[in-house]
Amino acid sequence: MGGNIKVQFKVNNQPVSLNIPPLRRLIDILREDLGLTGTKISCGIGRCGACIVLVNGQITNACLLMGYQLHEVEIVTIEGIGIGKLDPIQQAFIEEGGFQCGYCTPGMVLSVKALLEKNRNPTQDQILEGLSGNLCRCTGYGGILRAVNYSIKLLEKE
Ligand code: FES
Ligand code: FES
């Protein structure tokens with residue numbers, strides 16, 4: 001199959017230029033090529049949300065996006081928020097017990113960020129819908145939902 005392609009895009013506001021196979025997955029580019037290991041890989045097939053990043057502000061599974069789809073997009077990973085000071089959503093996850101494991105939390109935080117950037121006052125159903133792409137296989141969602149509700153309160157004070 002054909003050779004590499006050149007793609008230019010931004011990650012956490014930093015320009016990136018790479019020569020990559022067109023079908024190299026964004027998750028591998030982030031973790032292996034760029035050293036951004038905060039984004040996790042679990043199922044690898046778009047089912048769990050461990051790999052969620054924001055692409056042009058939209059919740060996106062990095063295991064499903066290929067190199068050829070990256071030209072001129074803007075990506076935000078968990079490393080791109082809370083620089084110098086915790087993002088209120090990260091603060092809320094810590095304080096309310098939503099930070100249950102390192103696998104699901106980065107994706108959960110980014111899903112909540114995307115949700116609250118569009119809607120600062122979501123209903124509980126809208127919160128559940130916003131987190132519907134993020135799977136916790138172990139602990140349950142009580143702490144996570146408390147964290148989302150506390151995030152809303154912290155953001156109101158900003
Ligand atoms: S690793 Fe991408 S959705 Fe599970
Ligand atoms: S998968 Fe992370 S807390 Fe369940």
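I take two strands as paired if DSSP finds at least two bridges between them, and I take helices (H or I, at least four residues) and strands (E, at least two) as DSSP runs, numbered from the N terminus. The model is a predicted one, in which local features need pLDDT of at least 70 and side-chain atom pairs count only at pLDDT 80 or more, while totals for chains, interfaces and linings use all residues. Residues are numbered from 1 along each chain as its sequence is written, chains are lettered from A and ligands numbered from 1 in the order in which they are written, and side-chain values use heavy atoms, with hydrogens and water left out.

**Sheet.** I looked up S1 and S5 and found that they run parallel and are joined by two bridges; Lys-10 has Glu-74 in S5 as its bridge partner. S1, residues 5-11, pairs with S2 in the antiparallel sense over seven bridges. In that pairing I noted Gln-8 with its bridge partner Ser-17, and Phe-9 opposite Val-16. The hairpin of S1 and S2 has two residues between the strands, and Asn-12 takes a positive phi near 50 degrees there.

I then traced the whole sheet, which is open and has five strands in the order S2-S1-S5-S3-S4, with mixed pairing. S2 (14-20) and S4 (58-61) stand at the edges with a single partner strand each, so one side of each is left without a neighbour in the sheet. Neighbouring strands are turned by 40 degrees against each other on average, direction ignored; for such angles, axes are lines fitted to C-alpha atoms, for helices over the stretch in contact, and angles run from 0 to 180 degrees between N-to-C directions.

**Helices.** H1 (residues 26-33) lies across S1, S2, S3 (52-55) and S5 (74-76), and runs at about 105 degrees to S2. H3 (residues 105-118) packs on the sheet, touching S3, S4 and S5, and its direction makes about 35 degrees with that of S3; contact means heavy atoms within 4.5 Å. Just after H1, Gly-35 takes a positive phi of about 70 degrees.
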